[in-house]
Amino acid sequence: MHRNRIALALVLGFALVAGKASAQTLERAAVKSGDVEVPVEIARPAGQGPFAPLLYVHARRGFEDEDRQKMREFAAMGFLVVAPDWQSGRFLERWPIAHDPATEADVEAAFEFLAKRPDACRIPAGIVGYSRGPYYAIRLAAKRPRDVAAIVSYYGHMQNPNAPEPEQVFRVAPEVLAMTTPVLMLIGDQDFELRRMSAGRAFYALYERGVPVEIQMYPMVRRAFDFRADQTPEEKIATRHARERARDWLYRWMKLGPKGKCPRG
């Protein structure tokens with residue numbers, strides 16, 4: 001009898017773990033961008049929608065399983081997450097140094113796909129970007145201010161990656177000087193100095209124009225702190241803290257209710 005109880009407890013335990021893992025589903029699709037077919041992945045919360053729309057833009061390292069895990073985390077917050085693979089559709093190598101402007105249309109095509117999904121709320125979307133991803137975000141926000149409610153930038157480019165060195169050091173992208181979308185910037189204090197400078201200049205430029213902006217600088221935290229396999233204890237805490245800050249920022253500026261519920265009306 002005792003063994004039967006143990007066996008039943010183990011079965012129930014595995015069922016709970018499996019249920020938790022399947023609470024968010026991942027789908028795959030493709031969108032057309034001119035003559036290019038852009039792969040996209042979708043993370044959908046459990047239950048019935050509609051859900052708050054969130055565009056996820058990966059870093060130049062490429063789209064990986066770690067990105068899928070982050071998509072699931074945002075889906076668990078209540079977001080319908082669409083992530084374009086802006087490299088593989090154009091057969092770009094991982095870690096590209098130069099920025100390919102054509103990929104901006106690919107990201108925008110995924111943004112359109114997200115907005116038109118029947119399970120997405122009809123509200124301005126949020127964008128979460130990593131490294132080069134936030135450059136796509138600010139380009140979209142400057143071009144389509146009514147369609148982008150908020151941006152979360154993880155150690156992001158705030159300057160055109162193709163801009164010459166003086167522009168990289170002393171200026172931010174023109175989009176930063178034109179956009180009105182609220183921006184949260186998350187970065188470690190041991191990230192590349194140029195990246196920290198770019199984020200700082202963008203913070204001041206947005207603040208001076210009255211655009212809602214916050215910058216979170218994490219002490220003792222390295223570049224790509226939330227993707228690292230060799231995370232320090234501080235980086236693990238920063239990862240959790242950044243995830244909570246990102247959630248709260250998106251909820252606030254997308255005007256979402258508890259658990260990411262879409263606003264009524």
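**Close-up views of a predicted model**

**View 1. The disulfide between Cys121 and Cys262.** The torsion about the S-S bond of Cys121 and Cys262 is about 60°, so this disulfide is right-handed. Cys121 sits in the loop between helix H3 (102-116) and strand S5 (125-130), while Cys262 sits in the segment after H7, so the pair ties together parts that are 141 residues apart in sequence. The structure holds 1 disulfide, a term used here for a pair of cysteine sulfur atoms within 2.5 Å, and the S to S distance between Cys121 and Cys262 is 1.4 Å. With 6% relative accessibility, Cys121 counts as buried, where buried means under 20% relative accessible area, exposed over 50% and partly exposed in between, for a 1.4 Å probe and protein chains only. This is a predicted model, in which local features need pLDDT of at least 70 and side-chain atom pairs count only at pLDDT 80 or more, whereas totals for chains, interfaces and linings use all residues. Residues are numbered from 1 along each chain as its sequence is written, and side-chain values use heavy atoms, with hydrogens and water left out.

**View 2. Helix H6 and the strands beside its buried residues.** Helices (H or I, at least four residues) and strands (E, at least two) are DSSP runs, numbered from the N terminus. Among the buried residues of H6 are Arg195, Ser198, Ala202 and Phe203. The buried residues of H6 pack against strand S7 (183-190) and strand S8 (213-222), with contact meaning heavy atoms within 4.5 Å. Just after H6, Gly210 takes a positive phi of about 85°.

**View 3. The lining of the largest cavity.** On a 1 Å grid over the protein atoms alone, a cavity is a set of points where a 1.4 Å probe fits but cannot get out, and lining residues have an atom within 4 Å of a point. The largest cavity is lined by Lys70, Glu73, Phe74, Tyr130, Tyr154, Asp226, Thr239 and Arg243. Helix H2 (65-76) and helix H7 (233-253) are the elements that give two or more residues to this lining, and the largest share, 3 residues, comes from H2.

How values were computed: On a 1 Å grid over the protein atoms alone, a cavity is a set of points where a 1.4 Å probe fits but cannot get out, and a pocket is an open set with protein on both sides within 12 Å along at least five of seven lines; lining residues have an atom within 4 Å of a point.
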